[in-house]
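Let's take a friendly walk through a two-chain model, from the folds of each chain to the places where the parts meet. Have the structure open beside you as you read.

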Amino acid sequence: MASGIKDKVAILGMGCSQFGERWDKDSPDLMAEAFDEALLDAGVERNQIDAAWYGCCTDSVNVGNSAIPASTALRLDGIPVSRMENMCATGTEALRGATYAVAAGAADIALAIGAEKLKDTGYGGLPPVFKGNFNELWLPLGSAPAGFAQLAHGYEHKHGVSREDIKQAMAHISWKSHQNGTLSPKAHLRKAVSMETILNAPMISDPIGLFDCCGVSDGAACAIVTTPEIARSLGKSDLVSIKALQLSISSGMESTTNSWDGSHVRNTRIAARRAYREAGIDKPREELSLIEVHDCFSITELVTMEDLFLSEEGQATRDVMDGFYDRDGGVPCQTDGGLKCFGHPIGASGLRMAYEIYSQLLDRAGERQLDSPSIGLAHNLGGVPYLSISAISILGLM
Amino acid sequence: MSSSGITGFGAYIPRLRIQRSLIADAHAWMAPSLRGAAKGERAFCSWDEDAITMAVEAGRDCLSGIGVESIESVALVSTTLPFADLQNSAVVSSALQLKASTESMDIAGSQRGGTSGLSRALQSEKSCLIIGSERPVAKPASAQELAFGAGAAAITTGSKDVIAGYLAGATVTANFVDHFRAAEEKYNYYWEDRWVRDEAILKLVPKAAASALDQAGISVRELDHLIMPPVQRNAAQAVARKLGFEGKLADELKQNCGYTGAAHPLLMLAGVLEEAGAGEYILLIGFGQGVDAILLRTTEHLAAHQPMRGVKGSLADKLDTCDYLRMLSFYQGIELDWGMRSEKNSKTMLSAQYRTLNQTAGFNAGRCAQCNTIQFPQLQYCVNDGCRAPSEQFENISLVDEPCKVFTFTNDWLSYHPAPPLNVGFIQFDNGARVSMEMVDAGAGGLAVGVPMRIVFRIKEIDWQRCYRRYFWKATPELIKED
């Protein structure tokens, strides 16, 4: 294996806009909100940025194609700006681009920014995605929850877990994120919700109910990265560095052959193994201080706990119900509310997860601050469980 | 007497049924008299069924024991073809994977088309497949809304292994307008039943029938079966009395299907062929702007050439529904608010459709020549990560008749779907292929992991902006659970 990215790149500054229904703001406003915070945090000027990666997923709303909207919004004159799009993993992809540029020595200071303006569609939920000339001819219709809901059957069948137990665990996952959301000022949803409300919500795609779905939000998040040496030369002492950045994408095996059991996301497992190796983590359940995972739907978070090798296979429902992933549990998960409550402006989400880990590591998380965290993992998942883009970043104190 | 005749048959009736009383009850406030005719149940098409999809299903049923290799000509008969200028039978031909050299033809414009098409096929030198398929649309609260059904029947003709020999045929053409529908109109317009009965049914049918019987030298008393489609109530009884026919009137399929226009004589014929013994005489009548009469006699091959499903199987394979508004919506009789998600652009890229017909129309998976992995879609390299052989070496394996089961599924209430919830999930084929598919006609609670499914040809999406529709294959439970 290549020597990897560990400790080659440090985060100089980060920013995150208020997430939510930002009726009065357009995408460039949101980008500027996150960018201003990151510049201030980094202590650099925009003309010190050598290159930028801009992530946004949806073309049907937001600002359209290319990196030009980001370049003009942030007035990044003349530097290379690239647009990243890799479905819900877009934000982590932007971070990966900037990180690799710095590690390669192609840039001293690089910017990663993700933004999405979803609340201009006129309805709740995500807009339908064009699947491609050929795929549109045969792939069935289906919403995002329909893709993830199918995990429930696979999981039940493989582990002999009842639908009731899965629903309870799913509800606890959402309940916990709502609890965390109350302590998260920039989150979209900041109200606690009872287990009863969650369990009795209208069905969206069996077994996913309304409260099993994450918030569909407007928002932007941003990171400025550099080398640890430059960061120190700019006066930074407490450095958060990137320990691992891994991506794994399906080649069609799960959806085309009978080799996949339907109970897990294969690419998350592949990316997790690689990321732990890159970061030098042997026992993630014991070593990780916190995690931010891609809880687009509560069932996704449930299986992700096993895909990240935190829960033993078939034990995630028990760990969830035991509160192991609650804010006061063994591995706190979604301390900022997660996609569920912080919200999910697609292109921004991977960077928003990194922002929460960065904030926790630097003791800036306010009311929700954990006790002395040292390393955290962000898991960002695009596509559907059987055709997925799994992105994992591990951030830690240097 | 010719040596040609019928060599096979098949049928399809949509799974969806509704009690006629439910339709009549909905209209009772303004048309209480409908209740008098509201007996039994009728079949109706789901939103994704039309004359093309039903024709494909009937064709498959018919060809199950015959194969596609021998077919030299296909004709699709219907007055409710989805396309006015696009050969509908070519769509059917590609879904049935008939040879490219097979002639194809649409026969439209009259409810007599079924028998006219059959008559031509019986007089042809070629091995023909003729399919009558109809999705008749009736104005809400009309008598036809109760009388109509939907369905298709397929008949093959030729000179080998004939199951019903062709003895004679006669036609009387008359510009008799019992009803009509202008080219751009949605509903039929009808003249008085009594005039139609007295001036056409009781005058023209006996004339054509007598001509056919005379040609064959058969007397009406020798006839075993009279197939007179129910173009109006008691038409068959009136014709039988007039002819002096004392044999068995063919089942009109009124109780559990309803009238299927141009397809109906062929559907009734299929029903008769399921019941008849060898050596029986059948007189088949088609009515519309005149009359066709076709005289057939069954042979000893009949018993061995029964379809997989047939009419009997189609009638039994049903899903009871109780929402009249569902049927009305499927037939565009009511405009419902489907929300902004239904505004999706559904334009079909016709060039992409053509270059992928092997996969989309034939549902052909590829079998890798190196590792034997069967995979759909067929992409550039084998999906098996130990192989990756190029797809040029793949062999086509159609999934259409491959046994399969539900691997995962969900009921999606969020997506726009004309028959919510959208049932979607993975279908696992016994040969190893796995495909994400839409699942249809399952009924409440009809799906479960492991449930055996079968593959059906359906409308994939309708582009209402350009009025194009594209087709693909979906999965449906092999058996409908009894309540």
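In chain B, 73% of the contacts with a separation of 6 or more are between residues 24 or more positions apart. Here two residues are in contact if their C-beta atoms, placed from the backbone, lie within 7 Å. Before going further, please note that this is a predicted model, in which local features need pLDDT of at least 70, side-chain atom pairs count only at pLDDT 80 or more, and totals for chains, interfaces and linings use all residues. Residues are numbered from 1 along each chain as its sequence is written, while chains are lettered from A and ligands numbered from 1 in the order in which they are written.

**The two chains**

Chain B has 12 helices and 23 strands; helices (H or I, at least four residues) and strands (E, at least two) are DSSP runs, numbered from the N terminus. Chain A has 16 helices and 11 strands. Among the contacts in chain A between residues at least 6 apart in sequence, 79% join residues at least 24 apart.

The table sets out some overall values for each chain. A residue is buried if 20 or more other C-beta atoms lie within 10 Å of its own, exposed if 12 or fewer, and partly exposed in between, with C-beta atoms placed from the backbone.

| Chain | Buried residues | C-alpha box along the principal axes |
|---|---|---|
| Chain A | 62% of 398 residues | roughly 55 × 45 × 40 Å |
| Chain B | 51% of 483 residues | roughly 75 × 55 × 40 Å |

How does the radius of gyration of chain B agree with that of a compact globule? For 483 residues such a globule would have a radius near 23 Å, and chain B has 23 Å, which agrees.

**A helix with a buried side**

Helix 1 of chain B (residues 20-27) has Arg20(B), Ile23(B) and Ala24(B) buried. These residues cover an arc of only 95 degrees around the axis, which puts them on the same side of helix 1 of chain B. The arc is that of the directions from the helix axis to the C-beta atoms. As a general rule, an α-helix has 3.6 residues a turn, so residues three or four places apart point the same way. The cover over the buried residues of helix 1 of chain B includes strand 2 (16-19), strand 3 (41-43), helix 5 (143-147) and helix 10 (324-330) of chain B.

**Domains within each chain**

Chain A is divided into domain 1 (10-125 + 218-238) and domain 2 (144-212 + 241-397), with bounds that come from an automatic or database domain assignment. The C-alpha centres of these two domains of chain A lie 23 Å apart. Their contact takes 36 residues from domain 1 of chain A and 31 residues from domain 2 of chain A. On the domain 1 side, the largest share, eight residues, comes from helix 3 of chain A. By class, that side has 20 nonpolar, 11 polar and five charged residues. For these classes, Ala, Val, Leu, Ile, Met, Phe, Trp, Tyr, Cys and Pro count as nonpolar, Asp, Glu, Lys and Arg as charged, and the others, Gly among them, as polar.

Chain B is divided into domain 1 (5-330) and domain 2 (347-363 + 399-477), and 28 Å separate their centres, taken over C-alpha atoms. Here 17 residues of domain 1 of chain B are in contact with 14 residues of domain 2 of chain B. Helix 2 (51-63) and helix 3 (88-95) of chain B each supply at least two residues of the domain 1 side, and helix 2 of chain B gives the largest share, four residues.

**Where the chains meet**

The contact between the chains takes 38 residues from chain B and 32 residues from chain A. On the chain B side, strand 19 of chain B gives the most, with six residues. The residues of that side divide into 16 nonpolar, 15 polar and seven charged.

**The nonpolar core**

Which residues have the most contacts inside the largest nonpolar core? They are Ile113(A), Cys222(A) and Ala223(A), in a core of 267 residues. Such a core is a set of buried Ala, Val, Leu, Ile, Met, Phe, Trp, Tyr and Cys residues joined through C-beta atoms within 7 Å. Helix 6 of chain B (residues 193-216) provides the largest share of this core, 10 residues. Not counting residues up to four places away in sequence, Ile113(A) touches residues including Met31(A), Phe35(A), Tyr54(A) and Cys222(A).

Note on methods: The radius of gyration is taken over C-alpha atoms; the globule rule is 2.2 Å times the number of residues to the power 0.38.
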